[in-house]
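Me: I would like to go through a structure with you. Could we start with the whole chain and then turn to details?

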Amino acid sequence: MKYACAGIAASLFIATPQTYAQDSCTDDAAQYTVRYVEEGVFEITARFRQSSGVFEVFDVENANRDGSSSDFITNVMHVKPGGTEPVAYLGEGTWRLDAHTPSAPATIRYTLEARHETYAWRNGKEEIAYRFDDAYYFVGARIFLLDLDLIGCAPEISFVLPANWEAAAPWPSTSPSSFRPANGELMMSNGFAIGPTLQTLDATFGDSGKVKFVYEKSLAPVARQAAADMDRIVKRYTKIFNGSANGDFMIFMTTDQGNDGGAFRNSFAQRFKAPVRDSDGIIWRTTFAHETLHLWMGHTIRPSDGDIEWFKEGFTDYITSKTMFAEGVYSTADYSKKIENIIGRYMIGLAFGGPKSLVEASNNKSANRLTVYGGGALMALLLDAEMTTDIGDGAFERMLADVFAGSAEPYPQARLMAALDRNSNGRASAILAEIDAGLDPFALADRLDPHGLELSVFTPEEMYVTFTGTGCKARKQPCPPAFLRLP
Ligand SMILES: [Zn+2]
């Protein structure tokens, strides 16, 4: 089975929870045993009570397109009472038993070679597998041969490891070395780590969950900062949306040549360009807060299609910025620069290839990144400014809480706009129409003046924002207007 996964910056928590028929599931429907053999080599035995005879991993091509994640699964054998025989490989991560009676039990055994880093991966090693310190990280989808007929059953995953080793996985555990994900999708769409003395850190997710960080030793200060940030930003988000998001999560952190990450059902993996300097904090802490916010914006408030990516990404960017300033991660100077970036992104998108409606841009997000992120965030900023003036402080956040309250159903564009308009006396649709048609930077400057933001602009990409708000405690500093300050 071919499988494409996007990096953290492009998309997060993309998988939608599904319900599976559980009729034929028993406790022993699917049992996996992962045994350490020697450095870089594991043996996996999978027993299926009633098997289709076809087994699949979610195969990913490497960056050079001359290999795939399945290359590290070798020696796949059918274990029968009289001995073993090889299982036929059909390509693209699919194996099939010869002459298998459907629904008969089956046991297979195969070798997992932990050499995935000999390849480069387009969306990063965290989507596949990697080694860190003395430990190993794997994504279930790359290593567990799944019988799709049993995807609704809760598989048992047991580890047989050297004496001082441990396993860290985002699944319910039945013993320190055994886990039982609720179904096959949760087995596949998650990362886990095994090794001697894993570095872990437990943190709270506001009042609604627990988060465990599993990190490379050299990232200890980063993990500690992220854990402290998480608790504080989750409290902010819970207040803004007047509700919590499910936060039982495992977070894997490793060093690499660049910054990015990947998100799974109950886990996400972030990687950091080493060394992580103090000055990098503004970027990675913002990214971390942005991804955490997607638990509300994207995971709980779910898009029904590609149309509202401008809202999911742009509003997330804007709300994250407000939160970073409120928490003191951004100085006033950082904050004005961030607002310049938001406006600049939109203006550059407009000058090169625009105007384009946010919905149209959303349906090809990677090609229209500047419009989706910049236009969406500018829409949030203008709406917040004008709602605060028209309706009063907190009107923008009350609107977000209303959207969140309606999140039992996914949001198509029309229902989202109806909710935004209901809370803004129709301003949302009016601003969206202007952004879609192309907002001239000088007209935008006039528009922002009365709201405590002075925009000085030269060319589309060169601009300076000066805060002229009032009521800041710290005198002699430019004061962001009230709408940019969370209570
Ligand atoms: Zn995002």
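Predicted model: local features only at pLDDT ≥ 70, side-chain atom pairs only at ≥ 80, totals over all residues.

Me: How many helices and strands are in the chain?

Reply: The chain has 12 helices and 22 strands, where helices (H or I, at least four residues) and strands (E, at least two) are DSSP runs numbered from the N terminus. Its radius of gyration, taken over C-alpha atoms, is 25 Å, close to the 23 Å of the globule rule for 487 residues, so the chain is as compact as a globular protein of that length. That rule is 2.2 Å times the number of residues to the power 0.38.

Me: What does the domain assignment give?

Reply: It gives domain 1 (30-197), domain 2 (203-291) and domain 3 (306-484); the bounds come from an automatic or database domain assignment. In domain 1, 16 residues are in contact with 18 residues of domain 2, contact meaning C-beta atoms, placed from the backbone, within 7 Å. Strand 9 (129-132) and strand 15 (191-196) are the elements giving two or more residues to the domain 1 side.

Me: Changing topic, which residues have the most contacts inside the largest nonpolar core?

Reply: They are Ala193, Phe213, Met253 and Leu378, in a core of 135 residues. Helix 8 gives the most to this core, with 12 residues. Such a core is a set of buried Ala, Val, Leu, Ile, Met, Phe, Trp, Tyr and Cys residues joined through C-beta atoms within 7 Å. A residue is buried if 20 or more other C-beta atoms lie within 10 Å of its own, exposed if 12 or fewer, and partly exposed in between, with C-beta atoms placed from the backbone.

Me: And which residues of helix 11 are buried?

Reply: In helix 11 (residues 427-437), the buried residues are Ala428, Ile431, Leu432, Ile435 and Asp436. They lie on the same side of helix 11 because they cover an arc of only 140 degrees around the axis, the arc being that of the directions from the helix axis to the C-beta atoms.

Me: What covers them?

Reply: The cover includes helix 7 (358-362), helix 8 (369-390) and helix 10 (413-424). On the other side of helix 11, Ser429, Ala433 and Ala437 are exposed.

Definitions and conventions: Residues numbered from 1 in each chain as written. Contact = placed C-beta atoms within 7 Å.
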